[in-house]
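Biologist: Hello! I am new to this structure and would like to learn how to read it. Could you show me how to go from a single residue to the whole fold?

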Amino acid sequence: MGKVRRAGYIFLWWIGDHKPRHIHVHTKDDQLITRINLDTMEPMDIAKVERKILDIIRDLKSEGRL
């Protein structure tokens, strides 16, 4: 399991989790916001997600964390 806290969000992922490859995004109070499909960068549980969240996920990808 991976866990990162950034900018008031908690990002969680599990290696070998079910498809599609995704990351869970929570508030700092551990309330689920959505899951983001890492291949399409689309939210899986809501219609739209803040750009800030997508930017952080892109940063995590570029750092080799995801």
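Modeller: Gladly. Keep in mind that this is a predicted model.

Biologist: Where does Asn37 lie, and which residues does Asn37 touch?

Modeller: Asn37 belongs to strand E4, which covers residues 32-37. Setting aside residues up to four places away in sequence, Asn37 touches Pro20, Arg21, His22, Glu42 and Met44. One of these, His22, also stands opposite Asn37 across the strand pair.

Biologist: How many bridges join E3 to E4, and in what sense do they run?

Modeller: Five bridges join strand E3, residues 22-27, to E4, and the two run antiparallel. Besides His22 and Asn37, you can look for His24, which stands opposite Arg35 in E4. The hairpin of E3 and E4 has four residues between the strands, and in it Asp30 takes a positive phi near 70°.

Biologist: What about strands E1 and E2: how many bridges join them?

Modeller: Strand E1 (residues 2-6) and strand E2 (residues 9-13) run antiparallel and are joined by five bridges.

Biologist: Over how many bridges do E2 and E3 pair?

Modeller: E2 and E3 pair over four bridges, again in the antiparallel sense. Phe11 has Val25 in E3 as its bridge partner, and Tyr9 has Thr27.

Biologist: In what order do the strands form the sheet?

Modeller: The four strands form an open sheet in the order E1-E2-E3-E4, with antiparallel pairing. E1 and E4 stand at the edges with a single partner strand each, so one side of each has no neighbour in the sheet. From one strand to the next, the twist averages 20°.

Biologist: And is E3 enclosed or open to the outside?

Modeller: E3 is largely enclosed by the rest of the structure, because five of its six residues are buried. For a general idea to carry along, side chains in a regular strand alternate between the two faces of the sheet.

Biologist: Where does the helix H1 lie relative to the strands?

Modeller: H1 lies across E1, E2, E3 and E4, and runs at about 50° to E2. H1 has twelve residues and reaches 16 Å from its first C-alpha to its last, close to the 16 Å expected at 1.5 Å a residue.

Biologist: How should I read the sides of a helix?

Modeller: The general idea is that an α-helix has 3.6 residues a turn, so residues three or four places apart point the same way. Here, the buried residues of H1 are Ile53, Leu54, Ile56, Ile57 and Leu60. Seen down the axis of H1, these buried residues fall within an arc of 160°, so they line one face of the helix. What covers them includes E1, E2, E3 and E4. The face turned away from the buried side carries Arg51 and Ser62, which are exposed. After H1 comes Gly64, with a positive phi near 80°.

Biologist: Which residues of the largest nonpolar core touch the most other members?

Modeller: In general, nonpolar side chains tend to be buried together in soluble globular proteins. In this model the largest nonpolar core has 15 residues, and Phe11, Ile23, Val25, Ile36, Ile53 and Ile57 touch the most other members. E2, E3 and H1 are the elements that give two or more residues to this core, and H1 gives the most, with five.

Biologist: Take Ile23, then. What is Ile23 in contact with?

Modeller: Leaving aside neighbours within four places in sequence, the contacts of Ile23 include Phe11, Leu12, Trp13, Ile36, Ile57, Leu60 and Leu66.

Biologist: To finish, could we look at a loop? Where does Thr40 lie?

Modeller: Thr40 lies in the loop between E4 and helix H1. Thr40 counts as partly exposed because its relative accessibility is 47%. Thr40 and Glu63 are 23 residues apart in sequence, and their C-alpha atoms are 18 Å apart in space.

How values were computed:
Residues are numbered from 1 along each chain as its sequence is written. Side-chain values use heavy atoms; hydrogens and water are left out. Contact means heavy atoms within 4.5 Å. Two strands pair if DSSP finds at least two bridges between them. Buried means under 20% relative accessible area, exposed over 50%, partly exposed in between (1.4 Å probe, protein chains only). Axes are lines fitted to C-alpha atoms, for helices over the stretch in contact, and angles run from 0 to 180 degrees between N-to-C directions. A nonpolar core is a set of buried Ala, Val, Leu, Ile, Met, Phe, Trp, Tyr and Cys residues joined through side-chain atoms within 4.5 Å. The expected span of a helix is 1.5 Å times one less than its number of residues. The arc is that of the directions from the helix axis to the C-beta atoms.
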